[in-house]
Amino acid sequence: MAFAYRGGTLCAEQVALEDLARRFGTPCYVYSRAAIEGAYREFTDELSGRASLVCYSVKANSNLAVLSVLARLGAGFDIVSGGELARVIAAGGDPAKVVFSGVGKAEAEIRAALQAGVLSLNLESEQELERVNAIAAALGKRAPVAFRVNPDVDAKTHPYISTGLKQNKFGVAWPEAERLYRKAAALPNIRITGVGCHIGSLMLDSAPFVAATRRIVSLVERLEQAGIALDHIDLGGGMGIRYHDEASATIAAFVHGALDALGRRKETVLLDPGRAIVGNAGVLLTRVEYLKPGEAKNFLIVDAAMNDLIRPALYDAWHEVRPLREVESGAARGVYDIVGPVCESSDWLARDRLLAPRQGDFLAIMSAGAYAMVMSSNYNSRPRAAEIMVSGARAHLVRRRETPAGLFEGEQVPEWT
Ligand code: LLP
């Protein structure tokens, strides 16, 4: 366990989180290098003996230090923007192991990806195919492409993060896929590399993932009969993690289920997990500013807010809250809603939690390694928090806290007349 109490104090690996909160200030995110490496290795271990590549989904946490830890282990990367490509390259990632997904790739992004030499552009529409062919022609290249196919399988997750149903904007429609592959095969500046799919995030059950794999295999077989051979099958990410006490399928269950469904197919298997690699490898540290007992609710007002962690406001998400110092058994407890300073009633981080807080105490919001800092904002002119990576007994500041003046650096007041 990367985050555990030692001698009554919550630690990240061998470092006491309270020391980090005092040294770097709060709110701040703390990541465990060992936890990131451990989760990545779970995937590669389960895939051993099979031609495969784990492409970490950069959107989950794009800090350069996180990307560098994974690049050093040989990971590939799943990206959705030119910005993410630039980050992967800056962190020492290999562009030849990058898959580029996303419904709205701009011309400049496509050009940058082709120039960097990515493994595959995962196309999501017919017009995108035409645009990629034209840009590749202008560059004198053949673009490596896969279609991201929407298999119309219900991932059984929150509707905002479900992507594999026909009413979702993602992927090319299932009935269209074969025609698009034939069209791509006839274009001079296109080289077909594979097929992709991603049906949703935070899947707790592996069954929909396996069902989507079966559908993709049936498409690959049809393409083979049509004389279209693929190098890889990209099954996407979406493997769930445990935030609370929910029963989430293990990484092994997802990987084995998919491998069984792939049967004897020889194509390289690509997986693009994000949350399953970093989600439980990070926490958000915060300090209690005020206790505010009330008639209907008791509020614990902390210095982190929805701008630091928007998942509760956006998805009603549950994040465990732990005190950095273990509470003594006799301490008086109360039930609190943990809220931030932002001027919105949706600014809550956790509800109805039994805690024994005092003003000035530090708390850890758990499972904040994925979709936390990357979704943060400057709402209410709140500088974004610092990020720290722990490795063994050492702690590294991997992104400094923003400053109030830095927030308006790019702004200008006109010369009023
Ligand atoms: N591949 C593709 C094409 C994706 O769109 C995504 C996530 C992933 C891989 C990685 O999914 P993961 O393994 O992390 O579940 N903000 C939401 C999650 C949005 C996921 C978007 N796509 C949240 O906080 O729950």
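**Strands, a helix and some charges**

Reply: Ala12 has Val15 in S3 as its bridge partner. Before going on: this is a predicted model, where local features need pLDDT of at least 70 and side-chain atom pairs count only at pLDDT 80 or more, while totals for chains, interfaces and linings use all residues. Residues are numbered from 1 along each chain as its sequence is written, and side-chain values use heavy atoms, with hydrogens and water left out.

Me: Which strand is joined to S3, and by how many bridges?

Reply: Strand S2 (residues 9–12) is joined to S3 by two bridges, and they run antiparallel. Strands (E, at least two residues) and helices (H or I, at least four) are DSSP runs, numbered from the N terminus. Two strands pair if DSSP finds at least two bridges between them.

Me: What's the strand order in that sheet?

Reply: S1-S2-S3, an open sheet of three strands with antiparallel pairing. Strand S1 (3–6) and strand S3 (15–16) are the edge strands, each pairing on one side only.

Me: And how many bridges between S1 and S2?

Reply: Four, again antiparallel. Tyr5 stands opposite Leu10 in S2. The S1 and S2 hairpin has two residues between the strands, and Gly7 there takes a positive phi near 55 degrees.

Me: Switching to H8. What span should helix H8 have?

Reply: Helix H8 (residues 207–225) has 19 residues, so at 1.5 Å a residue it should span 27 Å; its end C-alpha atoms are 28 Å apart, which agrees. The expected span is 1.5 Å times one less than the number of residues. After H8 comes Gly227, with a positive phi near 85 degrees.

Me: Which H8 residues are buried?

Reply: Among them are Phe209, Val210, Ile216, Val217, Leu219 and Leu223. Buried means under 20% relative accessible area, exposed over 50%, and partly exposed in between (1.4 Å probe, protein chains only). The buried residues of H8 pack against several elements, including strand S9 (143–150), helix H7 (177–185), S12 and helix H9 (251–262).

Me: What about Asp234, where does it lie?

Reply: In strand S12 (residues 232–234). Asp234 is buried yet has no salt bridge, and the nearest side chain of opposite charge, Arg148, is 8.4 Å away. Here Lys and Arg count as positive and Asp and Glu as negative; His and the chain ends are not counted. A salt bridge is a side-chain nitrogen of Lys or Arg within 4 Å of a carboxyl oxygen of Asp or Glu.

Me: So what does the side chain of Asp234 reach?

Reply: The backbone nitrogen of Gly236, at 3.0 Å. Asp234 also makes a side-chain polar contact of 3.3 Å with Asn122. A polar contact is a pair of N or O atoms within 3.5 Å; within protein, one must be able to donate a hydrogen and the other to accept it, and residues adjacent in sequence count only if both atoms are side-chain atoms.

Me: How many salt bridges does a search of the whole structure find?

Reply: It finds 22. One of the pairs is Arg179 with Glu126, at 2.8 Å, N to O. That pair links distant parts of the chain, with Arg179 in helix H7 and Glu126 in helix H6 (residues 126–139), 53 residues apart.

Me: Are Arg384 and Glu402 buried or partly exposed?

Reply: Glu402 is buried, with a relative accessible area of 17%, whereas Arg384 is partly exposed at 21%. Their side chains meet in a salt bridge of 3.0 Å, N to O.

Conventions
Contact means heavy atoms within 4.5 Å.
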